Amino acid sequence: MQDKYGRIIDYMRISITDRCNLRCRYCMPEGIRFIPMEEILTYEQILVICRQAAALGITKYKITGGEPLVRRGCSELISKLKQIPGVEQVTMTTNGILLKEALPKLLESGLDGVNISLDTLNRARYQEITGFDELPRVLDSIETAAGTALRVKINVVLQEDVNLEEWQSLAQLSRVYPVDVRFIELMPIGSGRNQKAVSNDWLLAQMRRQYLGISLDDSVHGNGPAVYYQIPGFLGMIGFISAIHGKFCQSCNRIRLTSTGEIKPCLCYKDTVSLGEAVRAKDAGTVRALLEKSVADKPGMHCFEELSHVTEEHKMAQIGG
Ligand code: SAM
Ligand code: SF4
(Lines give C-alpha, C1' and ligand atoms only; values in the text may rest on other atoms or scores of the structure.)
(Ligands and ions follow the chains in the order given, each with its own letter.)
Protein backbone atom coordinates (compact mmCIF):
# COMPACT_ATOMS: atom_id res chain seq x y z
CA MET A 1 0.00 0.00 0.00
CA GLN A 2 1.14 3.51 -0.70
CA ASP A 3 0.13 6.39 1.55
CA LYS A 4 -0.64 9.93 0.46
CA TYR A 5 2.99 10.95 0.93
CA GLY A 6 4.15 8.24 -1.48
CA ARG A 7 5.54 5.98 1.23
CA ILE A 8 5.20 2.23 0.70
CA ILE A 9 3.66 0.63 3.80
CA ASP A 10 4.74 -3.00 3.82
CA TYR A 11 5.44 -3.70 7.50
CA MET A 12 3.09 -4.29 10.45
CA ARG A 13 3.96 -4.70 14.12
CA ILE A 14 1.50 -6.92 15.95
CA SER A 15 1.14 -6.64 19.71
CA ILE A 16 -0.28 -9.97 20.87
CA THR A 17 -0.54 -9.09 24.57
CA ASP A 18 -0.22 -6.13 26.91
CA ARG A 19 1.09 -8.43 29.68
CA CYS A 20 4.77 -8.64 30.54
CA ASN A 21 7.06 -10.52 32.94
CA LEU A 22 9.15 -7.34 33.49
CA ARG A 23 8.30 -3.83 34.62
CA CYS A 24 10.82 -1.67 32.76
CA ARG A 25 10.37 1.70 34.37
CA TYR A 26 10.18 3.74 31.17
CA CYS A 27 7.80 1.30 29.51
CA MET A 28 5.43 -0.29 32.02
CA PRO A 29 5.19 1.44 35.37
CA GLU A 30 3.86 -0.35 38.47
CA GLY A 31 0.10 -0.13 38.83
CA ILE A 32 -0.61 -0.30 35.09
CA ARG A 33 -4.07 -1.80 34.43
CA PHE A 34 -4.20 -4.73 32.07
CA ILE A 35 -6.78 -5.12 29.33
CA PRO A 36 -9.44 -7.76 30.17
CA MET A 37 -8.60 -11.00 28.32
CA GLU A 38 -11.93 -11.03 26.47
CA GLU A 39 -10.94 -7.79 24.72
CA ILE A 40 -7.65 -9.21 23.43
CA LEU A 41 -7.77 -10.54 19.88
CA THR A 42 -7.61 -14.30 19.50
CA TYR A 43 -4.89 -15.70 17.26
CA GLU A 44 -7.55 -16.60 14.69
CA GLN A 45 -8.71 -12.96 14.64
CA ILE A 46 -5.13 -11.76 14.24
CA LEU A 47 -4.75 -14.13 11.29
CA VAL A 48 -7.95 -12.81 9.68
CA ILE A 49 -6.40 -9.32 9.80
CA CYS A 50 -3.03 -10.52 8.52
CA ARG A 51 -4.59 -12.33 5.55
CA GLN A 52 -6.14 -9.03 4.47
CA ALA A 53 -2.97 -7.07 5.23
CA ALA A 54 -0.88 -9.52 3.18
CA ALA A 55 -3.31 -9.22 0.26
CA LEU A 56 -2.77 -5.44 0.45
CA GLY A 57 1.01 -5.79 0.22
CA ILE A 58 2.10 -5.95 3.85
CA THR A 59 4.83 -8.54 3.57
CA LYS A 60 6.77 -8.17 6.84
CA TYR A 61 5.48 -8.65 10.37
CA LYS A 62 6.94 -8.17 13.84
CA ILE A 63 5.39 -9.97 16.82
CA THR A 64 5.63 -7.86 19.94
CA GLY A 65 3.85 -7.26 23.26
CA GLY A 66 3.99 -6.49 26.17
CA GLU A 67 6.15 -9.56 26.18
CA PRO A 68 5.02 -11.86 23.34
CA LEU A 69 6.50 -15.01 24.87
CA VAL A 70 4.21 -14.80 27.91
CA ARG A 71 1.26 -15.58 25.64
CA ARG A 72 0.88 -19.29 25.07
CA GLY A 73 0.91 -20.52 21.47
CA CYS A 74 3.03 -17.68 20.11
CA SER A 75 5.10 -19.98 17.88
CA GLU A 76 1.94 -21.61 16.47
CA LEU A 77 0.73 -18.12 15.51
CA ILE A 78 4.05 -17.44 13.77
CA SER A 79 3.89 -20.72 11.93
CA LYS A 80 0.37 -19.93 10.62
CA LEU A 81 1.39 -16.37 9.75
CA LYS A 82 4.30 -17.70 7.70
CA GLN A 83 1.90 -19.82 5.66
CA ILE A 84 -0.22 -16.85 4.50
CA PRO A 85 0.46 -16.12 0.82
CA GLY A 86 2.38 -12.85 0.53
CA VAL A 87 3.97 -13.02 3.97
CA GLU A 88 7.72 -12.86 3.42
CA GLN A 89 9.15 -12.29 6.87
CA VAL A 90 8.07 -12.71 10.49
CA THR A 91 10.30 -11.54 13.32
CA MET A 92 9.81 -10.98 17.03
CA THR A 93 10.91 -8.58 19.73
CA THR A 94 11.30 -9.99 23.23
CA ASN A 95 12.94 -9.24 26.55
CA GLY A 96 14.66 -12.63 26.17
CA ILE A 97 13.66 -14.14 29.53
CA LEU A 98 11.66 -17.03 28.05
CA LEU A 99 13.51 -17.12 24.74
CA LYS A 100 15.96 -19.94 25.32
CA GLU A 101 13.21 -22.45 26.16
CA ALA A 102 11.04 -21.16 23.30
CA LEU A 103 13.79 -21.31 20.64
CA PRO A 104 13.26 -24.87 19.36
CA LYS A 105 9.58 -24.19 18.63
CA LEU A 106 10.28 -20.73 17.27
CA LEU A 107 12.87 -22.12 14.87
CA GLU A 108 10.39 -24.76 13.77
CA SER A 109 7.75 -22.08 13.21
CA GLY A 110 9.91 -20.39 10.57
CA LEU A 111 10.64 -17.23 12.58
CA ASP A 112 13.15 -15.16 10.60
CA GLY A 113 14.76 -13.10 13.32
CA VAL A 114 14.60 -11.97 16.90
CA ASN A 115 15.28 -8.66 18.60
CA ILE A 116 16.23 -8.92 22.27
CA SER A 117 15.91 -5.86 24.48
CA LEU A 118 18.75 -5.33 26.95
CA ASP A 119 19.78 -2.03 28.55
CA THR A 120 22.51 -3.15 30.95
CA LEU A 121 25.06 -5.87 31.65
CA ASN A 122 25.06 -5.09 35.37
CA ARG A 123 22.86 -7.48 37.35
CA ALA A 124 21.84 -5.03 40.08
CA ARG A 125 21.11 -2.33 37.51
CA TYR A 126 19.07 -4.77 35.43
CA GLN A 127 16.90 -5.34 38.47
CA GLU A 128 16.59 -1.59 39.03
CA ILE A 129 15.54 -0.93 35.43
CA THR A 130 13.24 -3.92 34.95
CA GLY A 131 12.12 -4.80 38.47
CA PHE A 132 13.43 -8.40 38.22
CA ASP A 133 16.73 -10.26 38.72
CA GLU A 134 16.68 -11.92 35.30
CA LEU A 135 19.90 -10.77 33.62
CA PRO A 136 21.58 -14.23 33.64
CA ARG A 137 18.62 -15.77 31.81
CA VAL A 138 18.61 -13.04 29.18
CA LEU A 139 22.35 -13.41 28.57
CA ASP A 140 21.92 -17.15 28.28
CA SER A 141 19.15 -16.62 25.70
CA ILE A 142 21.33 -14.22 23.72
CA GLU A 143 24.18 -16.69 23.61
CA THR A 144 21.88 -19.55 22.58
CA ALA A 145 20.00 -17.51 19.96
CA ALA A 146 23.29 -16.23 18.50
CA GLY A 147 24.30 -19.86 17.90
CA THR A 148 21.21 -20.56 15.75
CA ALA A 149 20.36 -19.58 12.18
CA LEU A 150 18.17 -16.72 13.46
CA ARG A 151 19.15 -13.12 12.73
CA VAL A 152 19.65 -11.66 16.22
CA LYS A 153 19.61 -8.00 17.17
CA ILE A 154 20.00 -6.47 20.61
CA ASN A 155 17.96 -3.33 21.29
CA VAL A 156 19.38 -0.88 23.84
CA VAL A 157 17.76 2.27 25.22
CA LEU A 158 20.35 4.49 26.90
CA GLN A 159 19.28 6.83 29.68
CA GLU A 160 21.39 9.49 31.29
CA ASP A 161 22.13 8.77 34.98
CA VAL A 162 21.00 5.15 34.48
CA ASN A 163 23.12 3.20 31.97
CA LEU A 164 24.84 5.77 29.77
CA GLU A 165 28.36 4.70 30.66
CA GLU A 166 27.58 1.17 29.55
CA TRP A 167 27.32 2.04 25.85
CA GLN A 168 30.72 0.55 25.17
CA SER A 169 30.26 -2.75 26.98
CA LEU A 170 26.84 -3.17 25.35
CA ALA A 171 28.31 -2.40 21.92
CA GLN A 172 30.95 -5.08 22.59
CA LEU A 173 28.23 -7.75 22.44
CA SER A 174 28.49 -7.41 18.67
CA ARG A 175 32.22 -8.07 18.86
CA VAL A 176 31.72 -11.31 20.80
CA TYR A 177 28.56 -12.56 19.07
CA PRO A 178 27.33 -12.31 15.46
CA VAL A 179 24.52 -9.97 16.55
CA ASP A 180 23.74 -6.35 15.71
CA VAL A 181 23.52 -4.00 18.70
CA ARG A 182 21.11 -1.13 18.08
CA PHE A 183 20.80 1.99 20.18
CA ILE A 184 17.23 3.33 20.25
CA GLU A 185 16.64 6.91 21.34
CA LEU A 186 14.13 7.11 24.18
CA MET A 187 10.81 8.40 22.85
CA PRO A 188 8.41 10.58 24.83
CA ILE A 189 5.87 7.80 25.29
CA GLY A 190 4.87 6.73 28.82
CA SER A 191 7.41 7.91 31.37
CA GLY A 192 9.83 8.54 28.48
CA ARG A 193 7.98 11.88 28.43
CA ASN A 194 9.79 13.01 31.57
CA GLN A 195 13.33 12.43 30.28
CA LYS A 196 15.55 13.80 27.59
CA ALA A 197 16.69 11.20 25.06
CA VAL A 198 20.42 10.51 24.85
CA SER A 199 21.34 11.71 21.36
CA ASN A 200 22.62 9.09 18.93
CA ASP A 201 24.70 11.86 17.27
CA TRP A 202 26.54 12.20 20.57
CA LEU A 203 26.90 8.43 20.83
CA LEU A 204 28.25 8.08 17.29
CA ALA A 205 30.82 10.79 18.03
CA GLN A 206 31.97 8.77 21.08
CA MET A 207 32.21 5.65 18.93
CA ARG A 208 34.23 7.44 16.25
CA ARG A 209 36.71 8.47 18.95
CA GLN A 210 36.87 4.97 20.41
CA TYR A 211 36.87 2.91 17.19
CA LEU A 212 38.93 4.65 14.54
CA GLY A 213 37.96 2.27 11.72
CA ILE A 214 34.19 2.59 12.23
CA SER A 215 32.41 3.03 8.90
CA LEU A 216 28.88 3.42 7.59
CA ASP A 217 27.36 0.25 6.16
CA ASP A 218 24.73 1.10 3.57
CA SER A 219 23.47 -2.39 2.81
CA VAL A 220 19.82 -2.98 3.71
CA HIS A 221 19.55 -4.72 7.09
CA GLY A 222 15.95 -4.89 8.10
CA ASN A 223 12.57 -3.25 7.93
CA GLY A 224 13.22 -0.11 9.79
CA PRO A 225 14.95 3.17 10.17
CA ALA A 226 18.18 1.92 11.76
CA VAL A 227 21.44 3.24 10.31
CA TYR A 228 24.27 0.72 10.63
CA TYR A 229 28.00 1.00 11.18
CA GLN A 230 30.69 -1.64 10.93
CA ILE A 231 33.62 -1.75 13.37
CA PRO A 232 36.69 -3.72 12.24
CA GLY A 233 36.95 -7.01 14.12
CA PHE A 234 33.30 -7.00 15.23
CA LEU A 235 31.10 -9.93 14.16
CA GLY A 236 27.91 -7.86 14.12
CA MET A 237 27.10 -4.23 13.38
CA ILE A 238 26.15 -1.22 15.48
CA GLY A 239 22.77 0.31 14.64
CA PHE A 240 21.29 3.68 15.52
CA ILE A 241 17.55 4.30 15.65
CA SER A 242 17.27 8.02 16.10
CA ALA A 243 13.58 8.86 16.31
CA ILE A 244 14.27 12.12 18.11
CA HIS A 245 17.55 13.49 16.74
CA GLY A 246 17.32 11.95 13.27
CA LYS A 247 13.66 12.18 12.30
CA PHE A 248 13.13 9.44 9.69
CA CYS A 249 9.40 9.85 9.01
CA GLN A 250 9.89 10.28 5.24
CA SER A 251 10.91 6.62 5.05
CA CYS A 252 8.35 5.25 7.53
CA ASN A 253 6.97 1.94 6.22
CA ARG A 254 4.80 0.69 9.06
CA ILE A 255 1.50 0.47 10.86
CA ARG A 256 0.85 -1.13 14.25
CA LEU A 257 -1.89 -3.54 15.36
CA THR A 258 -2.64 -3.39 19.08
CA SER A 259 -3.73 -6.42 21.07
CA THR A 260 -7.34 -5.19 21.01
CA GLY A 261 -7.49 -4.75 17.25
CA GLU A 262 -6.72 -1.06 16.83
CA ILE A 263 -4.51 0.00 13.93
CA LYS A 264 -2.14 2.77 14.95
CA PRO A 265 -0.83 4.63 11.91
CA CYS A 266 1.75 6.66 13.90
CA LEU A 267 3.37 6.09 17.31
CA CYS A 268 3.08 9.73 18.26
CA TYR A 269 -0.69 10.18 18.06
CA LYS A 270 -3.55 8.50 19.87
CA ASP A 271 -5.65 8.17 16.68
CA THR A 272 -6.48 4.61 15.71
CA VAL A 273 -8.69 2.76 13.26
CA SER A 274 -10.64 0.01 15.02
CA LEU A 275 -10.81 -3.40 13.36
CA GLY A 276 -12.35 -5.07 16.43
CA GLU A 277 -15.98 -5.06 15.36
CA ALA A 278 -15.29 -6.13 11.76
CA VAL A 279 -12.96 -8.91 12.79
CA ARG A 280 -15.36 -10.25 15.42
CA ALA A 281 -18.07 -10.26 12.76
CA LYS A 282 -15.62 -12.13 10.46
CA ASP A 283 -16.20 -9.37 7.90
CA ALA A 284 -12.98 -9.63 5.91
CA GLY A 285 -14.06 -7.00 3.35
CA THR A 286 -14.51 -4.35 6.05
CA VAL A 287 -11.21 -5.35 7.69
CA ARG A 288 -9.49 -4.78 4.36
CA ALA A 289 -11.22 -1.41 3.77
CA LEU A 290 -10.27 -0.25 7.28
CA LEU A 291 -6.64 -1.26 6.74
CA GLU A 292 -6.63 0.83 3.57
CA LYS A 293 -8.16 3.73 5.50
CA SER A 294 -5.51 3.50 8.22
CA VAL A 295 -2.78 3.85 5.60
CA ALA A 296 -4.63 6.66 3.83
CA ASP A 297 -4.88 8.54 7.15
CA LYS A 298 -1.26 7.98 8.19
CA PRO A 299 0.24 11.26 9.41
CA GLY A 300 3.19 12.64 7.48
CA MET A 301 5.44 12.83 10.52
CA HIS A 302 5.65 12.52 14.29
CA CYS A 303 5.98 15.54 16.56
CA PHE A 304 8.12 14.13 19.37
CA GLU A 305 10.13 17.35 19.43
CA GLU A 306 6.96 19.26 20.44
CA LEU A 307 5.68 17.44 23.53
CA SER A 308 2.41 19.36 23.75
CA HIS A 309 1.45 17.97 20.32
CA VAL A 310 2.10 14.31 21.26
CA THR A 311 -1.39 12.92 21.88
CA GLU A 312 -0.52 9.25 22.56
CA GLU A 313 -1.25 8.48 26.23
CA HIS A 314 -0.70 4.73 26.28
CA LYS A 315 2.49 3.21 27.61
CA MET A 316 4.89 1.54 25.16
CA ALA A 317 4.03 -1.87 26.64
CA GLN A 318 0.45 -1.35 25.41
CA ILE A 319 1.61 -0.39 21.92
CA GLY A 320 4.49 -2.81 21.39
CA GLY A 321 7.32 -0.42 20.60
N1 SAM B 1 8.77 -6.92 25.68
C2 SAM B 1 9.40 -6.88 24.42
C3 SAM B 1 10.77 -6.24 24.50
O4 SAM B 1 11.11 -5.70 25.56
O5 SAM B 1 11.49 -6.27 23.51
C6 SAM B 1 8.59 -6.19 23.34
C7 SAM B 1 7.84 -4.94 23.67
S8 SAM B 1 8.84 -3.55 24.14
C9 SAM B 1 7.60 -2.33 24.33
C10 SAM B 1 9.67 -3.15 22.64
C11 SAM B 1 10.80 -2.17 22.75
O12 SAM B 1 10.31 -0.89 23.08
C13 SAM B 1 11.85 -2.51 23.80
O14 SAM B 1 13.11 -2.61 23.14
C15 SAM B 1 11.86 -1.30 24.74
O16 SAM B 1 13.13 -1.00 25.21
C17 SAM B 1 11.33 -0.23 23.80
N18 SAM B 1 10.75 0.93 24.49
C19 SAM B 1 9.85 0.96 25.49
N20 SAM B 1 9.54 2.23 25.83
C21 SAM B 1 10.28 3.03 25.00
C22 SAM B 1 10.42 4.45 24.84
N23 SAM B 1 9.72 5.32 25.58
N24 SAM B 1 11.26 4.90 23.88
C25 SAM B 1 11.97 4.03 23.09
N26 SAM B 1 11.88 2.69 23.20
C27 SAM B 1 11.05 2.20 24.14
FE1 SF4 C 1 8.04 -5.50 29.20
FE2 SF4 C 1 9.39 -4.99 26.94
FE3 SF4 C 1 8.17 -3.03 28.25
FE4 SF4 C 1 10.27 -4.10 29.38
S5 SF4 C 1 10.27 -3.00 27.42
S6 SF4 C 1 8.29 -3.68 30.41
S7 SF4 C 1 10.12 -6.15 28.71
S8 SF4 C 1 7.18 -4.72 27.28
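Trainee: What relative accessibility does Lys105 have?

Mentor: First, the ground rules: this is a predicted model, where local features need pLDDT of at least 70 and side-chain atom pairs count only at pLDDT 80 or more, while totals for chains, interfaces and linings use all residues. Residues are numbered from 1 along each chain as its sequence is written, chains are lettered from A and ligands numbered from 1 in the order in which they are written, and side-chain values use heavy atoms, leaving out hydrogens and water. Buried means under 20% relative accessible area, exposed means over 50%, and partly exposed is in between, with a 1.4 Å probe and protein chains only. Lys105 counts as partly exposed because its relative accessibility is 48%.

Trainee: With which residue does Lys105 form a salt bridge?

Mentor: A salt bridge here is a side-chain nitrogen of Lys or Arg within 4 Å of a carboxyl oxygen of Asp or Glu. For Lys105, the closest N and O atoms of the pair are 3.4 Å apart, and the partner is Glu76.

Trainee: How many residues apart in sequence are the parts that this pair ties together?

Mentor: Helices (H or I, at least four residues) and strands (E, at least two) are DSSP runs, numbered from the N terminus. Glu76 counts as partly exposed at 37%. Lys105 lies in helix 3 (residues 99–109) and Glu76 in helix 2, so the distance along the sequence is 29 residues.

Trainee: Is Lys60 buried or exposed?

Mentor: Lys60 forms a salt bridge with Asp10, the closest N and O atoms being 3.3 Å apart. That pair links distant parts of the chain, with Lys60 in strand 2 and Asp10 in the segment before strand 1, 50 residues apart. Asp10 has a relative accessible area of 16%, so it is buried. Lys60 has a relative accessible area of 17%, so it is also buried.

Trainee: How far apart are the end C-alpha atoms of helix 1?

Mentor: The expected span of a helix is 1.5 Å times one less than its number of residues. For the 13 residues of helix 1 that gives 18 Å, and the model agrees, because the end C-alpha atoms are apart by 18 Å.

Trainee: Which residues is Glu134 in contact with, leaving aside its neighbours within four places in sequence?

Mentor: Glu134 lies in the loop between helix 4 (123–130) and helix 5 (135–146). At 18% relative accessible area, Glu134 is buried. Contact means heavy atoms within 4.5 Å, and the residues that Glu134 touches are Leu22, Ile97 and Tyr126.

Trainee: What is the bridge partner of Asn115 in strand 5?

Mentor: Two strands pair if DSSP finds at least two bridges between them. Strand 4 (residues 113–117) and strand 5 pair in the parallel sense over 5 bridges. Strand 5 (residues 151–156) has 5 of its 6 residues buried, and the partner of Asn115 there is Lys153.

Trainee: At what angle are the planes of the Tyr211 and Phe234 rings?

Mentor: Rings of Phe, Tyr and Trp (its six-membered ring) pair if their centres lie within 6.5 Å; planes under 30 degrees apart count as stacked, over 60 as edge-to-face and the rest as tilted. By this rule the count is 3 aromatic pairs. Tyr211 and Phe234 have ring centres 5.4 Å apart, and the pair is edge-to-face because the planes are at 75 degrees.
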